[in-house]
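This report describes a protein chain through its secondary structure, a helix packing and its salt bridges. The sequence and the coordinates are shown first.

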Amino acid sequence: MAFKRNQVEEAVWRFLSRDRAGRRPQAVFRTRVKRLLDLDRAAPPEAAPASAFAAAAPPGRGHEARFAAFDAFCLALGLLLLNAGFKQREIVDLLRHLRPELAQAWRQLEASPAAPRQRILAEDRPGSPSYPEAGLPLADTEIYLVLNRVETTEVFPDLAPGSVLEPLLVPGGERLAATLRERAFGFPGHYVVELSVMAALLRHYLADAAPRRRGQPGGQPGGG
C-alpha cells in the first residue's frame, strides 16, 4: 500500500512525539523531513545501491511522491538519528547502505510483529527468540540496530568524522546483551535503536492518517 507524504509525516510525527502533540506536524519538523528527502534524492546513483527513504525515484513535475510503510520506517529511523546528533548527510549515506538489511528486518517484523505493552507466548511466534518470565516462555520480537559512530578522528586516524563502524541488526534482548559484551573491549560506546515497537506503531499511525491534497488544510481529509 502506498501513502502520501502528508500521511507519512503525520505517522512519523505521532510516533516521535509519542502521540502527545496532535496529528499535524509543526513546520520545523516538516522542514527536517524535506531536507532529508532532498539530500537523498540529490545523491548520485553510484553512491549506494538504494535510496535511503524510497524504493523508486520520485515522480516527475506535477506528481506527488508515494511512500511505502517501509519508507516511513526508514524516515522515522533517520529522524531518530538526527535527534541523537548524527548529521543529515551521515544519516542519508548510512541508511542508503543499510536499506537492504533494514528491508530484511522489516519483513521479519511483518511476519512476527511486536504487540506493544503485551506479552506473546513463544509458541505463538516460533520464528522469534524466546525468554522466560514467571515460568512462561515468551516470544522476543525485538530487533535492535547497533551503531558505533566515530567523531574523535585523533583516536581513529584512518576514519573520517561521522564514520559508523560495523552497524549491526540484532534479534532479541539476549543477543543484544551478548553483542554489547563482546564489543565492549573494542568499542565500549554504542547507539542502540529498538525497531519492533517503532514498526508496529508506524503501521498503526499510517493506517489512521487520511490523505490530503496539496495545499489542503490539516483536519480536512480528502482523496487523491
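## Salt bridges and helix packing

Arg23 is partly exposed, with a relative accessible area of 40%; buried means under 20% relative accessible area, exposed over 50%, and partly exposed in between, with a 1.4 Å probe and protein chains only. The model is predicted, so local features need pLDDT of at least 70 and side-chain atom pairs count only at pLDDT 80 or more, while totals for chains, interfaces and linings use all residues. Residues are numbered from 1 along each chain as its sequence is written, and side-chain values use heavy atoms, with hydrogens and water left out.

Arg23 forms a salt bridge with Glu10, the closest N and O atoms being 2.9 Å apart; the term denotes a side-chain nitrogen of Lys or Arg within 4 Å of a carboxyl oxygen of Asp or Glu. Glu10 lies in helix H1 and Arg23 in the loop between H1 and helix H2 (27–42), so the pair ties together parts that are 13 residues apart in sequence. Helices (H or I, at least four residues) and strands (E, at least two) are DSSP runs, numbered from the N terminus. In contrast to the partly exposed Arg23, Glu10 is buried, at 6% relative accessible area. Both residues belong to a network of salt bridges that links Glu10, Arg14, Asp19, Arg23 and Asp208.

The count of salt bridges comes to 12.

| Pair | Closest N to O distance |
|---|---|
| Glu10 and Arg23 | 2.9 Å |
| Asp93 and Arg89 | 3.4 Å |

Arg183 is buried, with a relative accessible area of 14%, whereas Glu166 is exposed at 60%.

Two packed helices are described by the angle between their axes and the distance between the axes. For helix H1 (residues 5–16) and helix H3 (residues 69–83), the axes come within 10 Å and cross at roughly 45 degrees. Axes are lines fitted to C-alpha atoms, for helices over the stretch in contact, and angles run from 0 to 180 degrees between N-to-C directions. H1 and H3 are therefore oblique to each other, since angles under 35 degrees count as roughly parallel, over 145 as roughly antiparallel, 65 to 115 as roughly perpendicular and the rest as oblique. Val8, Val12, Phe15 and Leu16 of H1 meet Ala72, Leu75, Ala76, Leu79 and Leu80 of H3, contact being defined by heavy atoms within 4.5 Å.

Helix H3 also holds Asp71, which is buried at 5% relative accessibility. Leaving aside residues up to four places away in sequence, Asp71 touches Phe53, Ala54, Ala55 and Arg99.

The protein chain has six helices and seven strands, in the order β-α-α-β-α-α-β-β-β-β-α-β-α along the sequence. Of its 224 residues, 42% count as buried. Among contacts between residues at least 6 apart in sequence, 66% join residues at least 24 apart.
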